[in-house]
Amino acid sequence: MIRWWIYALQLAELLVSSLVHVLYGLYIFSTAVAGDLSQALTDRFLKPNANIEVKSEDPSGTNVDDLPPIVLVHGIFGFGKGKLGGFSYFAGAEKKDERVLVPDLGSLTSIYDRARELFYYLKGGQVDYGEEHSKAYGHSQFGRLYEQGNYPQWDEDHPIHFVGHSAGAQVVRVLQQMLSDKKFKGYEDTSENWVLSITSLSGAFNGTTRTYFDGMQPDDGKTMKPLSLLQLCRIGVIIYDWLDIPWLKDYYNFGFDHFNMSRKKLGAWGLVECLLGNAGPFATGDWILTDLTIQGSMGMNSHLQTFPNTFYFSYATKRTTKILGITVPSGILGIHPLLFIRVLQMSQWRHPPDVPPPYKGYRDEDWQENDGALNTISMTHPRLPIEHPSRLVVNDSDCLPLQPGIWYYKIVEADHILFIVNRERAGVQFDLIYDSIFERCRKHVFRRTPQTLPNQAP
């Protein structure tokens with residue numbers, strides 16, 4: 001009888017979680033459509049009589065085009081400029097600086113694939129996922145064509161600032177490692193110094209226990225439970241890509257075009273194969289959830305470095321507190337409805353006793369502070385399997401002047417989506433966070449090249 005009650009509670013939780021996620025997705029989609037319709041009507045009926053362009057001049061004499069761009073990289077289920085109409089994943093934060101780029105990467109594709117896409121978005125050309133990787137995971141080697149790169153001059157003399165939210169932060173780290181390892185064919189001069197700084201906003205560095213609540217198996221971090229939120233997500237994504245409705249995919253795309261799951265190429269039987277788990281990204285494991293498990297993140301981190309000439313800063317978020325030694329959600333009103341159930345579940349996380357711990361020295365209590373999507377321990381800095389240099393920051397001024405090669409991190413009371421999508425929800429915190437990020441990039445992060453005296457070797 002007790003077992004049946006447990007099954008019933010698990011099913012009820014799945015239904016509630018599914019409903020909340022679907023409703024939130026519909027809210028985002030409908031808000032974007034409503035915004036586009038409103039803009040279209042405004043342009044149609046309230047069109048100004050004259051277009052007056054006002055050019056602002058920087059009193060310092062600095063040309064905006066000479067500034068290194070700040071690239072905002074979205075997280076899971078995210079989108080960049082040009083998707084969902086005029087809706088902004090970063091809630092308009094990109095308007096706070098003159099030189100900001102917001103790429104649209106695969107929202108559910110693997111971190112590896114997204115890093116490849118990010119490179120070609122900036123440099124231009126056709127996305128090359130690599131012959132070996134493409135054969136191993138069963139997708140096309142080549143993807144989207146960028147006829148004109150968004151920053152084609154990108155090199156060591158023209159480095160870039162990156163700001164990544166959630167999984168976007170890990171995407172940038174993988175890209176920097178690829179640049180260091182010269183993994184892009186035809187670009188033999190790449191180096192880690194093409195990246196001037198990386199700022200992480202709720203970054204997914206060490207995995208998250210939420211993946212196990214959502215449906216990943218904790219024993220291997222690769223396979224999915226037969227009945228789970230992720231299984232429902234998998235089915236929905238496969239059908240969405242198989243239907244291949246052009247206007248809908250132009251509006252929002254999960255990023256799996258290189259897997260060729262369209263009905264025009266697969267047919268009905270191909271759809272059945274994908275749904276049965278015999279083909280596609282979910283069968284091969286080349287999607288983002290496997291990268292977000294603790295095991296997947298540790299495997300990825302074992303190949304990633306913190307480089308001595310790059311500046312690193314991280315904002316780790318949490319919506320939990322301790323009462324009598326027990327971790328619980330820190331209030332109800334401050335947590336988004338999409339995340340409240342997961343904040344509660346993750347705060348009570350217990351690693352399955354019949355499954356070996358993911359690493360030596362593992363403790364459940366280390367992973368109980370969270371923001372509803374990621375564990376706070378995962379967001380501060382890369383620490384598994386090897387801990388990287390880090391320093392806790394209480395006040396921003398305490399860490400000045402910044403030193404490269406160190407992960408400065410700050411703990412912020414917020415849930416995982418407070419600083420994206422809805423600017424009004426974050427209030428003044430939104431401006432404080434992004435103003436500090438952009439100010440740091442423009443005023444406190446730079447490289448000094450030692451001068452070479454006459455008759456002295458560099």
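The model is predicted: local features need pLDDT of at least 70, side-chain atom pairs count only at pLDDT 80 or more, and totals for chains, interfaces and linings use all residues. Residues are numbered from 1 along each chain as its sequence is written, and side-chain values use heavy atoms, with hydrogens and water left out.

**Domain record**
- UniProt, in an unreviewed entry, lists residues 69-181 as "domain: Lipase-like C-terminal"; such annotations may be inferred rather than shown by experiment.
- Residues 69-181 are 30% helix and 19% strand (DSSP runs: H or I, at least four residues; E, at least two).

**Nonpolar core**
- The largest nonpolar core holds 116 residues (buried Ala, Val, Leu, Ile, Met, Phe, Trp, Tyr and Cys joined through side-chain atoms within 4.5 Å).
- Leu 118, Leu 122, Trp 154, Phe 162 and Tyr 434 touch the most other members.
- Helix α4 (residues 167-180) gives the largest share of this core, eight residues.
- Beyond four places in sequence, Leu 118 has contacts (heavy atoms within 4.5 Å) that include Val 71, Phe 162 and Leu 175.

**Ser 110**
- Ser 110 sits in the loop between β2 (100-101) and α2 (111-123).
- Ser 110 is buried, at 3% relative accessible area (buried means under 20%, with a 1.4 Å probe and protein chains only).
- The side chains of Ser 110 and Asp 286 make a polar contact of 2.9 Å (a pair of N or O atoms within 3.5 Å, one able to donate a hydrogen and the other to accept it).

**Hairpin**
- Strands β8 (residues 320-323) and β9 (residues 326-329) run antiparallel, joined by four bridges (pairing needs at least two).
- Leu 324, in the turn, has a positive phi of about 55°.

Methods
Buried < 20%, exposed > 50% of the residue type's maximum accessible area, 1.4 Å probe, protein only.
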